[in-house]
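Subject: Structure handover

Hi there,

Here is the structure I promised to pass on to you. Have a look at it first, and then read on for what turned up in it.

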Amino acid sequence: MVRRFLELLAREASAVEFEGPVIEARAAGADPAAIEELERAKVEALRVRALLRRRARREAELSALYDTAGDLAALRDLDAVLEAIVHRARQLLATDTAYLTLHDPDRGDTYMRVTDGSISAKFRSLRLAMGAGLGGLVAQTAVPYSTADYFADARFRHKDDIDEAVQEEGLVAILGVPLRLGQRVIGVLMAANRSARPFHQEEVSLLASLAAHAAVAIDNARLLQETRNALEELSQAHRTARAHAEAVERAATAHDRMTSLVLRGGGIEDVAAVVTDVLGGSLAVLDDLGRPLTGHVAGLTDPVRAAGPDADAPGGVDPGVLEAAQASRALGRTVRRGDLCIASVDVGGEPLCTLVLRSDDADERILERAALVCALLLLFRRSVAEAEGRVRGELLDDLISRPGSPGLADRARRLGIDLTAPHVVVVARHDGQRERAAFWASSQAAQRHGLAAARPGEVVLLLPGRDPGALAQRTAGDLSASLGTPATAGASAPETGPVGVARAYREARRCADALVALGRAGDGASAGELGFVGLLIGEGRDVPGFVAGALGPVIEYDARRGTALAATLAAYFGSGMSPSRTAETMHIHVNTVTQRLDRVAKLLGDGWQEPERALEIQLALRLHRLGHTPSSQSVGPATI
């Protein structure tokens with residue numbers, strides 16, 4: 001009897017036929033033990049049959065996937081590949097129809113691209129909005145969906161036009177999986193039956209594998225088309241190059257000359273000289289702010305110089321040239337404005353350099369190559385400056401915060417800084433644009449053989465010299481011009497050694513604070529140029545002691561009673577010592593001003609309005625506003 005089961009397996013009999021040997025044994029009156037043995041043999045045979053069928057199905061699936069991969073490898077016609085994939089999906093899942101939709105980015109929906117087994121013209125022309133129906137939901141969520149009975153399934157957003165087309169096609173059970181390229185869904189592959197049936201996980205996985213092949217086919221077709229387009233463009237460029245062989249040869253020669261210059265250590269002016277030598281005319285090279293970077297080639301700045309009402313434009317450049325430079329960066333090519341050719345290069349959306357040429361023989365290729373070479377030179381110069389600036393900034397930070405650390409003088413000497421020579425510390429306050437301010441400070445320090453560091457709201461410079469006032473004024477002016485906003489610079493007296501640098505930094509910072517408090521934002525000065533205020537804020541001066549001696553009782557009275565005697569004094573002196581104008585300024589009654597001044601007289605004693613005493617009080621008030629308030633220990637007892 002076991003042989004009978006093997007014969008059934010060999011001829012791939014149906015599951016019902018495996019009951020035959022058991023029925024025959026019972027009819028023949030076999031004993032129960034024999035029948036039980038046959039039942040076990042039957043169960044095992046059916047298991048073997050099921051395993052063989054699964055393996056056969058898996059072999060068919062793998063064969064289909066292999067054939068699909070072969071189609072992709074020999075891709076010539078995208079439609080033929082997609083039709084083969086859809087046809088195989090229908091065969092392997094044993095469904096009545098299969099179809100593939102693709103996303104339309106212009107209309108924001110999906111449309112039928114390939115169908116197999118469809119009988120309805122309306123269904124073949126159907127479009128599915130994102131989220132509508134089963135296919136629209138798959139396209140929107142990138143998740144497979146299946147239903148044994150589409151019209152009875154409330155998970156889907158049914159729309160009349162979709163339901164009518166599906167009903168005309170007679171579809172009931174539907175399975176859909178997304179076509180994905182990376183994280184982007186480009187379409188949906190679906191298989192459908194005209195009668196109710198569930199879809200098993202193995203079928204979902206198979207259809208997903210076919211969908212992945214379809215997505216690859218579509219992407220390969222796109223890449224192939226792009227390659228063809230690129231080849232066509234290259235062919236066109238080659239034809240153009242052959243038609244202009246002389247111009248190309250001249251551009252290559254100019255490029256070789258510029259490259260050789262860069263390799264030999266040449267600069268932007270050398271590149272500009274090559275351009276004017278090859279093309280003639282005059283050339284200007286502008287930085288990111290429109291300021292000329294070159295100035296030693298004859299007629300170099302003539303093409304862009306502004307005149308008349310535009311003379312105040314950035315760098316003295318004609319605004320029309322700056323607009324053309326912006327257009328050149330946006331287009332990525334040379335822009336013509338009258339008899340000028342402008343090529344501009346940016347990095348990360350920020351302008352880097354602009355070349356402006358006036359010539360009768362303006363070869364745009366040469367000008368654009370020159371602009372790229374100049375941009376590379378500037379980037380290299382900026383990278384070197386940033387690297388050196390970090391080293392110099394770290395040294396200056398250590399000199400300021402840890403002047404007693406060992407080896408500071410040696411580190412400075414390796415950077416060409418002799419701390420035994422007099423140096424001036426300049427603290428420049430600015431509002432925002434920290435990166436631009438830091439780059440400017442690093443460049444200045446490198447040019448003047450000093451150090452620079454960037455801190456929140458300020459840059460610090462350590463520069464050799466003995467004239468702090470001139471250095472402060474120059475720093476304020478140049479940094480203000482670079483940032484386009486006022487920068488205030490305070491400078492210290494010349495100092496030597498690491499300890500002297502730390503002391504100078506504190507003095508320069510107080511000087512910058514004083515300038516801001518005195519209403520001189522955007523100015524530059526040293527402590528010696530601030531008169532008596534400068535002497536008070538200098539290193540080693542007892543400013544709190546001065547404030548305590550001149551104004552201490554009033555400050556303590558205000559602190560203890562919550563009054564405004566110090567503010568009233570400031571308004572009193574500010575209004576020319578007029579009680580009525582003081583009252584108007586502070587929006588209080590004149591009698592209140594008189595009472596407060598009487599209290600001040602009792603606290604400060606007789607003679608507080610005498611010229612010399614009044615000057616000291618006014619200076620103390622100003623210093624009090626600067627934050628030099630004495631501690632309670634340094635202030636004597638109030639006179640009530």
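Which residue's side chain does the side chain of D116 meet in a salt bridge? The partner is R90, with 3.0 Å from N to O. A salt bridge here is a side-chain nitrogen of Lys or Arg within 4 Å of a carboxyl oxygen of Asp or Glu. D116 belongs to strand β2 (residues 109–116) and R90 to helix α4 (residues 78–93), so this pair links distant parts of the chain, 26 residues apart. D116 counts as buried at 16% relative accessibility, while R90 is partly exposed at 28%. The cut-offs are under 20% relative accessible area for buried, over 50% for exposed, and partly exposed in between, with a 1.4 Å probe and protein chains only.

Before going further, a word on the source. This is a predicted model, in which local features need pLDDT of at least 70 and side-chain atom pairs count only at pLDDT 80 or more, while totals for chains, interfaces and linings use all residues. Residues are numbered from 1 along each chain as its sequence is written, and side-chain values use heavy atoms, with hydrogens and water left out.

**The chain as a whole**

The chain has 22 helices and 15 strands; these are DSSP runs numbered from the N terminus, H or I of at least four residues for helices and E of at least two for strands. Of its 640 residues, 43% are buried. Among contacts (heavy atoms within 4.5 Å) with a separation of 6 or more, 58% are between residues 24 or more positions apart. The accessible surface comes to about 32,500 Å², and carbon and sulfur atoms hold 52% of that; the areas come from the Shrake-Rupley method with a 1.4 Å probe, and for residues only the protein chains shown count as cover.

**More salt bridges**

The structure holds 21 salt bridges. In another of these, E164 pairs with K122, and their closest N and O atoms are 2.9 Å apart. E164 sits in helix α7 (residues 160–169) and K122 in helix α5 (residues 121–124), 42 residues apart. Both are partly exposed, E164 with a relative accessible area of 43% and K122 with 34%.

D339 and R358 also meet through their side chains, at 2.9 Å from N to O. D339 is in the loop between β8 (335–337) and β9 (340–347), and R358 is in strand β10 (residues 350–358), 19 residues apart. D339 is partly exposed at 46%, and R358 is partly exposed at 30%. Elsewhere, a network of salt bridges links R429, E458, R509 and D513.

**Strand β1 and its neighbours**

Strand β1 (residues 97–104) is mostly covered, with seven of its eight residues buried. Two strands pair if DSSP finds at least two bridges between them. β1 pairs with β2 in the antiparallel sense over seven bridges, and D104 stands opposite D109 in β2. These two strands form a hairpin with four residues between them, and G108 in the turn has a positive phi of about 70°. β1 is also antiparallel to strand β6 (residues 184–193), over six bridges, and there T101 stands opposite V188.

**The five-stranded sheet**

An open sheet with mixed pairing runs in the order β12-β13-β11-β14-β15. Its edge strands, each pairing on one side only, are β12 (451–455) and β15 (524–526). From one strand to the next, the twist averages 20°. Strand β14 (residues 488–491) runs parallel to β15, and three bridges join them; G490 has A525 of β15 as its bridge partner.

Helix α15 (residues 468–483) packs on this sheet, touching β11 (423–429), β13 (458–464), β14 and β15, and its direction makes about 35° with that of β11. Helix α16 (residues 497–517) lies across β11, β12, β13, β14 and β15, at about 40° to β11. Axes are lines fitted to C-alpha atoms, for helices over the stretch in contact, and angles run from 0 to 180 degrees between N-to-C directions.

**A helix crossing**

The axes of helix α19 (residues 565–574) and helix α21 (residues 590–604) come within 10 Å and cross at roughly 105°. That makes α19 roughly perpendicular to α21, a term covering 65 to 115 degrees, where under 35 is roughly parallel, over 145 roughly antiparallel and the rest oblique. The contact is made by L565, T568, L569 and Y572 of α19 and R596, L597, R599, V600, L603 and L604 of α21.

Best wishes
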